[in-house]
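Colleague: I have a structure open beside its sequence, and I would like to learn how to read the packing in it. Could you take me through some features?

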Amino acid sequence: MINWIASLFQTQKTVNAPDMKKFLIVGLGNMGAEYVNTRHNIGFKVLDYFAKKENISFQTAKLGEVVEFKIKGRTLLLLKPNTYMNLSGKAVKYWMEKEHIEKENILIITDDLNLSFGTIRIKTKGSDGGHNGLKSIQSLLNTTEYPRFRFGISDQFKKGQQVNYVLGEWDEEEKLKLPERLEKSSEIIQSFALAGINNTMNEFNGK
């Protein structure tokens with residue numbers, strides 16, 4: 001009887017244990033046709049590119065659109081929160097807990113005004129940098145220590161025009177350069193899952 005109870009608890013522990021071969025890849029953005037091609041939605045754009053390249057399709061689920069992708073023994077859960085940017089943390093926390101994914105195995109893809117267009121900056125931790133999506137994630141996870149992939153959108157806007165700029169669409173020059181940057185971003189996602197965060201930072205930061 002005692003052995004049976006011990007076995008039950010052991011089974012429960014195993015079921016709830018983090019799966020270190022499972023990764024949550026989150027692209028930040030806003031749902032809605034009016035936001036599709038805006039700078040603030042680069043997280044969505046990266047994941048859409050990755051999904052199209054791998055011939056997988058997002059499905060509407062709780063707090064977002066999700067799709068699962070398997071590669072070399074790893075499982076990647078791609079997530080586009082439908083909570084709007086300011087509540088992104090709600091979706092991230094829900095899917096982390098549902099899938100038993102540790103914060104070391106999440107990658108948040110977001111735009112960054114402090115980096116020139118297309119510049120890549122991957123970090124294991126950091127401040128929210130004034131980004132509302134990262135603020136929400138930091139608040140709900142109660143930590144600044146989680147991997148993030150910042151995609152530079154530059155700061156070429158006049159004083160007082162920041163909101164219009166980030167919610168504005170890419171200019172013609174940026175549109176021409178985006179495909180190559182999206183391909184590089186797709187490589188980063190796979191590298192994160194297969195090679196780890198440190199190797200990915202070494203290979204792609206500044207590229």
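Predicted model: local features only at pLDDT ≥ 70, side-chain atom pairs only at ≥ 80, totals over all residues.

Colleague: Let's begin with the rings. How many aromatic pairs does the structure hold?

Modeller: A pair of aromatic rings is described by the distance of the centres and the angle of the planes. This structure holds 7 aromatic pairs. One of them joins Tyr35 and Tyr84, with 6.4 Å from centre to centre and 75° between the planes, which is edge-to-face.

Colleague: Which parts of the chain does the pair of Tyr35 and Tyr84 tie together?

Modeller: Tyr35 lies in the loop between strand S1 (22-27) and helix H2 (42-53), while Tyr84 lies in the loop between strand S4 (74-81) and helix H3 (88-99), so their pairing ties together parts that are 49 residues apart in sequence. Tyr84 has a relative accessible area of 43%, so Tyr84 is partly exposed.

Colleague: What is the geometry of the pair formed by Phe117 and Trp170?

Modeller: Phe117 and Trp170 are also a pair of the edge-to-face kind, at 5.7 Å centre to centre and 70° between the planes. Phe117 comes from the loop between strand S5 (106-112) and strand S6 (120-123), and Trp170 from the loop between helix H5 (162-166) and helix H6 (172-195), so this pair ties together parts 53 residues apart in sequence. Trp170 is buried, with a relative accessible area of 4%. Together with Phe151, Phe117 and Trp170 form one aromatic cluster.

Colleague: And charges over rings? Which ring does the charged end of Arg148 sit over?

Modeller: The charged end of Arg148 sits over the ring of Tyr146, 4.2 Å from its centre. Elsewhere, Lys80 lies over the face of Phe44, at 5.5 Å from the ring centre.

Colleague: Now the helices. At what angle do the axes of H6 and H7 cross?

Modeller: Two packed helices are described by the angle between their axes and the distance between the axes. The axes of H6 and helix H7 (residues 197-204) cross at roughly 150° and come within 7 Å. Angles over 145 degrees count as roughly antiparallel, and H6 and H7 are therefore roughly antiparallel to each other. Their crossing is right-handed. On the H6 side, the contacting residues include Ile188 and Phe192, and on the H7 side they include Ile197 and Phe204.

Colleague: How is H2 placed relative to H6?

Modeller: The axes of H2 and H6 cross at roughly 75° and come within 9 Å. That makes H2 roughly perpendicular to H6. Among the residues that meet there are Val46, Leu47 and Phe50 in H2, with Leu178, Leu182 and Ile189 in H6.

Colleague: Can we finish with single residues? Is Tyr165 buried or exposed?

Modeller: Tyr165 is found in helix H5 and is buried, with a relative accessible area of 8%. Residues that Tyr165 touches, beyond those up to four places away in sequence, include Arg39, Leu113, Ile153 and Glu174.

Colleague: Where is Glu65 found?

Modeller: Glu65 is found in strand S3 (residues 64-71). At 21% relative accessibility, Glu65 counts as partly exposed; the cut-off for buried is under 20%. Leaving out residues up to four places away in sequence, Glu65 touches Met31, Phe58, Gln59, Thr60, Leu78, Leu79 and Lys80. Lys80 is the residue that lies over the face of Phe44.

Conventions
Residues numbered from 1 in each chain as written. Heavy atoms only, no water. Phe/Tyr/Trp six-rings, centres within 6.5 Å; stacked < 30°, edge-to-face > 60°. Helix = DSSP H or I, 4+ residues; strand = E, 2+ residues; numbered from the N terminus. Buried < 20%, exposed > 50% of the residue type's maximum accessible area, 1.4 Å probe, protein only. Lys NZ or Arg CZ within 6 Å of the ring centre and 35° of its normal. Axes fitted to C-alpha atoms, helices over the stretch in contact; angles between N-to-C directions. Parallel < 35°, antiparallel > 145°, perpendicular 65-115°, else oblique. Left-handed = near helix turned anticlockwise from the far one by under 90°. Contact = heavy atoms within 4.5 Å.
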